[in-house]
Amino acid sequence: MSVSLASRRPAKSISSPAALGPQLPDPALAIAYDEARRYVQLRLRSLPHGGLRATCTAFGFPYTTSVGLKTGSLQREEYRLVQKHLRVFGFETELVRLYVGGQLCEHYLFADAALLATLREQLAAHEQLVS
């Protein structure tokens with residue numbers, strides 16, 4: 001008795017474009033790399049003396065690159081490192097690429113609007129203190 005391969009696989013039925021909706025990232029829940037980097041930079045600068053080394057050791061982050069992130073002297077964009085630091089600061093994100101001005105740019109997608117609002121409130125408060 002032969003069994004066809006089609007009977008072993010679950011049926012993939014995409015009957016309408018709406019079925020693709022949950023798979024596409026919501027731009028309203030995403031922030032650009034520069035905004036995420038600024039937030040991480042401000043949080044790293046707020047660590048006490050020696051805190052950056054301890055954080056890097058505890059979470060396995062590259063210390064020299066994290067110092068570059070803190071001081072703004074990175075030679076290239078460090079998308080994954082920023083994402084890892086965001087996770088340590090309590091913001092679980094997904095790295096996605098979205099079109100901005102006709103170009104694909106890296107963004108950090110939040111699971112819900114409340115977490116994104118919290119990050120933006122904290123960033124605004126820190127930037128207000130600095131300026």
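Which residues in α2 meet which residues in α4? In this predicted model, R37, V40, Q41, L44 and R45 in α2 meet S66, L69, K70 and T71 in α4, where contact means heavy atoms within 4.5 Å.

## Basis of the description

The model is predicted, so that local features need pLDDT of at least 70 and side-chain atom pairs count only at pLDDT 80 or more, while totals for chains, interfaces and linings use all residues. Residues are numbered from 1 along each chain as its sequence is written, and side-chain values use heavy atoms, with hydrogens and water left out.

## Overall architecture

The protein chain comprises six helices and three strands, taken as DSSP runs (helices H or I of at least four residues, strands E of at least two) and numbered from the N terminus. Read from the N terminus, the order of elements is α-β-α-α-α-α-β-β-α.

Of the 131 residues in the protein chain, 30% are buried; buried denotes under 20% relative accessible area, exposed over 50%, and partly exposed in between (1.4 Å probe, protein chains only). The accessible surface of the protein chain is about 8900 Å², and carbon and sulfur atoms hold 55% of that surface; such areas come from the Shrake-Rupley method with a 1.4 Å probe, and for residues only the protein chains shown count as cover. Among contacts with a separation of 6 or more, 60% join residues 24 or more positions apart.

Two packed helices are described by the angle between their axes and the distance between the axes. The axes are lines fitted to C-alpha atoms, for helices over the stretch in contact, and the angles run from 0 to 180 degrees between N-to-C directions. The axes of α2 and α4 cross at roughly 105° and come within 8 Å. The two helices, α2 and α4, are therefore roughly perpendicular to each other; under this scheme, angles under 35 degrees count as roughly parallel, over 145 as roughly antiparallel, 65 to 115 as roughly perpendicular and the rest as oblique. By class, the contact of α2 with α4 has three nonpolar, three polar and three charged residues. Here Ala, Val, Leu, Ile, Met, Phe, Trp, Tyr, Cys and Pro count as nonpolar, Asp, Glu, Lys and Arg as charged, and the others, Gly among them, as polar.

Helix α2 (residues 33-45) also packs with α5, at an angle of about 55° and with the axes 10 Å apart. This angle makes α2 oblique to α5. The crossing of α2 and α5 is left-handed, meaning that the near helix is turned anticlockwise from the far one by less than a right angle; clockwise gives a right-handed crossing. On the α2 side the contact is made by Y33, A36, R37, Y39, V40 and L44, and on the α5 side by Y79, V82, H85 and L86. By class, the contact of α2 with α5 has eight nonpolar, one polar and one charged residues.

## Helix α3 against α4

Helix α3 (residues 51-59) packs with helix α4 (residues 63-71) at an angle of about 130°, and their axes are 10 Å apart. That angle makes α3 oblique to α4. The crossing of α3 past α4 is right-handed. L52, R53 and C56 of α3 meet Y63, S66, V67 and K70 of α4. This contact of α3 with α4 has, by class, four nonpolar, one polar and two charged residues.

## Helix α5 and its buried residues

The buried residues of α5 are L81, V82, Q83, H85 and L86. Their cover includes α2, α4, β2 (93-100), β3 (103-110) and α6 (113-130). Just after α5, G90 takes a positive phi of about 95°.

H85 lies in helix α5 (residues 79-88) and is buried, with a relative accessible area of 0%. Not counting residues up to four places away in sequence, H85 touches V40, L44, F61, S66 and L69. L86, also found in helix α5, counts as buried at 0% relative accessibility. Leaving aside neighbours within four places in sequence, L86 is in contact with A36, Y39, V40, F91, T93, Y108 and L119.

## R43 in helix α2

R43 is found in helix α2 and counts as partly exposed at 23% relative accessibility. Leaving aside neighbours within four places in sequence, R43 is in contact with F89, Q122 and H126. For L86 and R43, 43 residues apart along the chain, the C-alpha separation is 9.5 Å.
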